[in-house]
Amino acid sequence: MAGADQVMVSERESRPSPIDVHVGTRIRLRRTLLGMSQERLGESLGLTFQQVQKYERGVNRVGASRLFDLSRVLDVPISFFFDDMPDSLSANFGGGPNRRTTGLQDGTDPFGDDTLSRRETLELVRAYYRIIDPSVRKRVFDLIKSMGPSEA
């Protein structure tokens, strides 16, 4: 029986942890939103682009100090990398629900799971942040909000 247990443990160790995959997905999302290449992110961290790829795929686990460096370079709080983690994943690993529900009544995601990774979304966010004048950017933001369903 010990042989079967050892095979299960080695299979688990050879596959990326779902949390590592989630963190990697969030790294990729933020890097892409900033229009940053893997090469440029790697240079900022003193890494090769291949190492950045491994982090983004969840193949290599991101250590605490590296996560701190990533949050600094990508200009997000460390919690960003754990935001929107599926409740089932969070619960299986000892945490409670970890979804951001700001402004949502029932905690559902009105955009579906892949909205933030769509090319259209990324282009819209990049175009928005290219607007230099803060007052113009605010007016564009207000216009877009006014075109959607009203918040209760």
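## What you're looking at

This is a predicted model, so local features need pLDDT of at least 70 and side-chain atom pairs count only at pLDDT 80 or more, while totals for chains, interfaces and linings use all residues. Residues are numbered from 1 along each chain as its sequence is written, and side-chain values use heavy atoms, with hydrogens and water left out.

## The overall fold

The protein chain has 8 helices and 0 strands. Read from the N terminus, the order of elements is α-α-α-α-α-α-α-α. Helices here are DSSP runs of H or I with at least four residues, strands are E runs of at least two, and both are numbered from the N terminus.

Of the 152 residues in the protein chain, 26% are buried. Buried means under 20% relative accessible area, exposed means over 50%, and partly exposed is in between, using a 1.4 Å probe and protein chains only. The surface of the protein chain comes to about 10700 Å², with 55% of it from carbon and sulfur atoms. Those areas come from the Shrake-Rupley method with a 1.4 Å probe; for residues, only the protein chains shown count as cover.

Now for contacts, meaning heavy atoms within 4.5 Å. Take the contacts in the protein chain between residues at least 6 apart in sequence: 54% of them join residues at least 24 apart.

## The nonpolar core

The largest nonpolar core holds 22 residues, and the ones touching the most other members are Val23, Ile27, Leu41, Val62, Leu70, Leu74 and Phe81. Helix 2 (18-33), helix 3 (38-45), helix 4 (49-57) and helix 5 each put in at least two residues. Helix 2 gives the most to this core, with 5 residues. A nonpolar core, by the way, is a set of buried Ala, Val, Leu, Ile, Met, Phe, Trp, Tyr and Cys residues joined through side-chain atoms within 4.5 Å.

Skipping neighbours within four places in sequence, leucine 41 is in contact with Ile27, Arg31, Met36, Val52, Leu70, Val73 and Leu74.

Start with helix 2 and helix 4, which pack at an angle of about 120° with their axes 6 Å apart. That makes helix 2 oblique to helix 4. Under 35 degrees counts as roughly parallel, over 145 as roughly antiparallel, 65 to 115 as roughly perpendicular and the rest as oblique. The axes are lines fitted to C-alpha atoms, for helices over the stretch in contact, and angles run from 0 to 180 degrees between N-to-C directions. On the helix 2 side you'll find Asp20, Val21, Gly24, Thr25, Ile27, Arg28 and Arg31, meeting Tyr55, Glu56 and Arg57 of helix 4. This contact has 3 nonpolar, 2 polar and 5 charged residues. For those classes, Ala, Val, Leu, Ile, Met, Phe, Trp, Tyr, Cys and Pro are nonpolar, Asp, Glu, Lys and Arg are charged, and the others, Gly among them, are polar.

Helix 3 and helix 4 have axes that come within 8 Å and cross at roughly 100°. That makes helix 3 roughly perpendicular to helix 4. Here Gln38, Glu39, Leu41 and Gly42 of helix 3 meet Phe49, Val52, Gln53 and Glu56 of helix 4. The residues split into 3 nonpolar, 3 polar and 2 charged.

Phenylalanine 49 sits in helix 4 and is partly exposed, at 32% relative accessible area. Leaving out residues up to four places away in sequence, phenylalanine 49 touches Gln38 and Glu39. Its C-alpha atom is 8.6 Å from that of serine 37, 12 residues away along the chain.

Serine 71 lies in helix 5 (residues 64-73) and is buried, with a relative accessible area of 8%. Beyond residues up to four places away in sequence, serine 71 touches Val76, Pro77, Ile78 and Phe81. Alanine 64 is also in helix 5, but alanine 64 is exposed at 68% relative accessibility.

The loop between helix 5 and helix 6 (87-92) contains aspartate 75, which has a positive phi of about 55° although it is not a glycine. Aspartate 75 is exposed, at 62% relative accessibility. Aspartate 84 is found in the loop between helix 5 and helix 6 too, with a positive phi near 60°. Aspartate 84 is partly exposed, at 28% relative accessibility.
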